[in-house]
Amino acid sequence: MEIIQIVGLGLIATVLILVVREQKPLFAFLLAAFTGLFIFLFLLGKIDSVIAVLSDLANRSGIPSIYLKTVLKIIGIAYIAEFGAQIVRDAGQESIASKIEFAGKILILVMAVPIISVIIETVINLLPTGGGAS
Amino acid sequence: MVAWLGDWLHDIIAVIMLAVCTELLLPNKAMLRYTRLVIGLLVLLTLLSPLLRLLQGDITAGLSAGIQQWEMSTAQRQVKMPTLADIQRQAEDLKHKQQQQAANLTGSTLSKAMETAIVRYTGQTASSVEVKLKWIKEGDVEMVDMDTVTVTFPQMLPEEEAAPPRGSPTASDVNSTQDGQEGNRQIEAVEPVSVEVMVPEVAETGQYNSSGEQSDSDEQLWQPVNAELDKQTRAVLTEGWGLSPEAIIVRQPASIRGEK
């Protein structure tokens with residue numbers, strides 16, 4: 001029944017923000033930010049169970065733990081970047097929001113660097129050594 | 001061959017399921033392309049793993065080493081300072097360790113002093129004196145105090161003691177009182193029993209051995225010493241160190257039937 005709580009909280013926050021916005025736009029923004037933060041933290045516990053299932057799957061199937069670690073880092077970066085970008089976007093700063101998303105994308109790509117380096121190394125080793133042999 | 005193929009397929013299926021779950025978990029479409037790239041690389045690595053293993057040993061180790069190196073190079077840019085809480089916790093640990101060492105030293109010194117005093121006043125050499133310490137809290141400071149003192153005497157034969165031991169006398173006790181005196185004098189000269197090993201001195205006299213094997217009813221490892229020695233020892237410890245009489249245990253190893 002958490003969905004009722006969350007929707008109720010969202011509706012109340014929306015009404016309050018509509019009321020307050022005319023007088024104090026700053027407080028309306030703060031209210032929106034804190035509502036978003038609360039819902040985010042509220043759902044963090046639920047995500048925990050999904051991640052537990054994922055790690056259980058990884059452990060049981062014997063895939064290297066480094067894969068799971070990378071995947072979990074990707075999910076975490078995506079969530080945090082998304083959350084920050086949404087709050088900033090609510091405040092009307094579209095450009096900063098897009099910069100935050102950009103940073104998230106870059107950090108996700110950074111995760112791929114060691115994997116890419118291993119693959120490239122292998123492919124180079126695969127080639128016959130010494131180009132002059134052909 | 002089939003097992004190897006099964007392992008490989010198993011790995012691939014697991015990685016793909018992981019990828020699907022990850023895509024479900026992602027918050028928005030903006031990150032999807034980038035995430036897909038990384039996860040696609042992971043799947044590719046899994047697909048290639050037999051080939052890679054054929055070519056260059058263990059790839060997983062190399063991969064984790066690479067990632068660790070990457071993380072270290074990013075972490076080095078931030079100066080790592082121990083927080084105040086860390087330092088305080090360390091100080092607390094050190095203090096506790098120091099107190100523990102001081103208490104151990106106190107215990108060993110006390111037991112040595114008690115041993116000397118017992119030898120001087122009772123004329124019997126105790127084979128070991130153990131002092132158990134306890135911690136008392138007085139306000140903020142924790143103080144150490146003696147909890148119990150266990151005095152262990154080498155085993156003595158019942159007939160050379162003035163009174164029979166207070167522990168239930170068994171058949172072998174009765175048997176042994178009929179033995180001659182010469183065996184006992186001989187036994188007294190033997191060095192004291194070490195408590196842990198529990199070598200019975202009486203094993204040297206044949207009569208004792210035979211009588212000990214006949215009765216194996218008593219399973220106790222320890223028995224009280226004779227009343228006079230017990231009283232003397234208790235008096236020494238009570239007067240010298242202010243111990244309450246119930247905190248003192250005076251004992252000796254049970255005779256050979258106990259170990260059988």
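**View 1. The largest pocket sits between two domains of chain A.** Domain 1 (1-45) and domain 2 (64-123) of chain A both hand residues to the lining of the largest pocket, so it lies between them. The domain bounds come from an automatic or database domain assignment. Keep in mind that this is a predicted model: local features need pLDDT of at least 70, side-chain atom pairs count only at pLDDT 80 or more, and totals for chains, interfaces and linings use all residues. Residues are numbered from 1 along each chain as its sequence is written, chains are lettered from A and ligands numbered from 1 in the order in which they are written, and side-chain values use heavy atoms, with hydrogens and water left out.

View 2. A pocket here is an open set of points on a 1 Å grid over the protein atoms alone, where a 1.4 Å probe fits, with protein on both sides within 12 Å along at least five of seven lines; lining residues have an atom within 4 Å of a point. The lining takes in 14 residues, and Gly36(A), Phe40(A), Glu82(A), Phe83(A) and Gln86(A) lie nearest the centre. Helix 2 (25-61) and helix 3 (65-90) of chain A are the elements that give two or more residues each, and helix 2 gives the most, with seven. Sorted by class, the lining has ten nonpolar, two polar and two charged residues. For that sorting, Ala, Val, Leu, Ile, Met, Phe, Trp, Tyr, Cys and Pro are nonpolar, Asp, Glu, Lys and Arg are charged, and the others, Gly among them, are polar.

**View 3. Chain A is built from helices.** There are four helices and zero strands in chain A; helices (H or I, at least four residues) and strands (E, at least two) are DSSP runs numbered from the N terminus. In chain A, 31% of the 134 residues are buried, meaning under 20% relative accessible area with a 1.4 Å probe, protein chains only. An unreviewed UniProt entry lists residues 6-21, 26-45, 65-85 and 106-127 of chain A as "transmembrane region"; such annotations may be inferred rather than shown by experiment. Residues 26-45 of chain A are 100% helix, and their end C-alpha atoms are 30 Å apart. For residues 65-85 of chain A, the figures are 100% helix and 30 Å.

**View 4. Thr22(B) is tucked into helix 1 of chain B.** Thr22(B) belongs to helix 1 (residues 2-25) and counts as buried because its relative accessibility is 0%. A polar atom of the Thr22(B) side chain lies 2.5 Å from the backbone oxygen of Leu18(B). UniProt's unreviewed entry gives residues 6-25 and 37-55 of chain B as "transmembrane region". Residues 6-25 of chain B are 100% helix, with end C-alpha atoms 29 Å apart.

**View 5. Asp230(B) pairs up with Arg234(B).** Find Asp230(B) in helix 8 (residues 227-241) of chain B. Asp230(B) counts as buried because its relative accessibility is 6%. Its side chain makes a polar contact with the side chain of Arg234(B) at 2.7 Å. A polar contact is a pair of N or O atoms within 3.5 Å; within protein, one must be able to donate a hydrogen and the other to accept it, and residues adjacent in sequence count only if both atoms are side-chain atoms. Chain B as a whole has eight helices and four strands, and 35% of its 260 residues count as buried.

How values were computed: Buried < 20%, exposed > 50% of the residue type's maximum accessible area, 1.4 Å probe, protein only.
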